[in-house]
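Biologist: I would like to learn how to read a structure like this one. Please take me through it feature by feature.

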Amino acid sequence: MPHHQTALRLVAPVAVLALTLTACGGGDDNADAKSPATEKAKVFPSPEPASGGEMEAGESATGKVAEDPGEVTYEVLAQKVDMGTEAEAAKAVSEPDKVKGKVLAVAHLKYTHKSGPALTDGSDVHDSTTVFADGQRGTVLIGASEDAAGCEDPYDVESWKQGESHTFCETYVIPANAKSVEVHWSEEDGEPFIWKFPNS
């Protein structure tokens with residue numbers, strides 16, 4: 001359940017409203033629907049477990065991320081979504097008219113380094129985190145998350161070894177009347193893991 005806060009700590013001068021678009025693969029999905037390789041895949045499905053899917057509250061996902069210096073396996077848990085007010089959203093952006101009827105949603109995700117090399121220069125694990133409201137992707141507020149209470153800046157993590165955890169956040173602008181909020185995280189080219197939070 002989202003935690004309502006009376007004051008989300010945001011630095012207005014650096015918060016930038018930006019709509020990020022996901023890259024969608026072009027091409028015809030039916031082009032090789034009857035190819036021998038496709039037919040074989042139907043008979044002998046891949047042994048790899050499917051990535052993504054709906055998660056229960058408190059349930060962690062496991063995924064791999066290409067980091068520098070190598071691939072790291074993380075355990076990922078969407079812990080909560082802090083909901084702000086319309087007034088806070090208006091103060092957080094340079095053009096308040098663009099966020100009328102909208103609020104800030106700060107998603108808190110805990111990432112645990114499970115296997116792979118130790119990191120010494122930041123992390124990209126948070127890059128594929130997004131927030132949806134009633135099935136529609138929100139608008140990301142760049143530069144706000146690292147200032148929210150309980151959130152760390154992923155680029156300030158200079159040493160991250162196996163077994164260690166960090167909490168990174170993503171701030172999105174969503175409609176104030178949204179009934180449900182979803183936090184999505186995925187591996188590169190993978191289907192998203194989805195945690196649902198009622199907005200009440």
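Modeller: What follows goes through the strands, the loops and the charged side chains in turn. This is a predicted model in which local features need pLDDT of at least 70 and side-chain atom pairs count only at pLDDT 80 or more, while totals for chains, interfaces and linings use all residues. Residues are numbered from 1 along each chain as its sequence is written, and side-chain values use heavy atoms, with hydrogens and water left out.

Biologist: How many helices and strands are there in the protein?

Modeller: Helices (H or I, at least four residues) and strands (E, at least two) are DSSP runs, numbered from the N terminus. The protein has two helices and twelve strands. Along the sequence the pattern reads β-β-α-β-β-β-α-β-β-β-β-β-β-β.

Biologist: In what order do the five strands of the open sheet stand?

Modeller: Strands of a sheet pair through backbone hydrogen bonds, in either a parallel or an antiparallel way. Here two strands count as paired if DSSP finds at least two bridges between them. The order of this open sheet is 3-12-11-7-8, with mixed pairing. Strand 3 (53–55) and strand 8 (136–137) are at the edges; each has a single partner strand, so one side of each lacks a neighbour in the sheet.

Biologist: Which residues can I use to trace the pairing?

Modeller: Start with strand 7 (residues 130–133), which pairs with strand 8 in the antiparallel sense over two bridges. Phe132 has Arg137 of strand 8 as its bridge partner. Strand 7 is also joined to strand 11 by four bridges, again antiparallel, and there Thr130 is partnered by His184. Strand 11 and strand 12 (residues 193–198) run antiparallel and are joined by six bridges; Ser180 stands opposite Pro198 in strand 12.

Biologist: Is strand 11 largely enclosed or open?

Modeller: Buried means under 20% relative accessible area, exposed over 50%, and partly exposed in between (1.4 Å probe, protein chains only). Strand 11 (residues 180–185) is largely enclosed by the rest of the structure, because five of its six residues are buried. Of the 200 residues of the protein, 40% count as buried.

Biologist: What should I look for in the loops?

Modeller: Look at the backbone angle phi. Asp134, in the loop between strand 7 and strand 8, has a positive phi of about 50° although it is not a glycine. Asp134 is partly exposed at 42% relative accessible area. Asp189, in the loop between strand 11 and strand 12, also is not a glycine and has a positive phi of about 65°. With a relative accessible area of 79%, Asp189 is exposed.

Biologist: How many salt bridges does a search of the whole structure find?

Modeller: A salt bridge is a side-chain nitrogen of Lys or Arg within 4 Å of a carboxyl oxygen of Asp or Glu. The search finds five. One joins Lys80 and Asp82 at 3.9 Å, N to O; Lys80 is partly exposed at 26%, whereas Asp82 is buried at 1%. Another joins Lys98 and Glu95 at 3.5 Å. Lys100 and Asp97 meet at 4.0 Å, and both residues are exposed, at 63% and 62%. Glu54, Glu182 and Lys196 are linked in a network of salt bridges.
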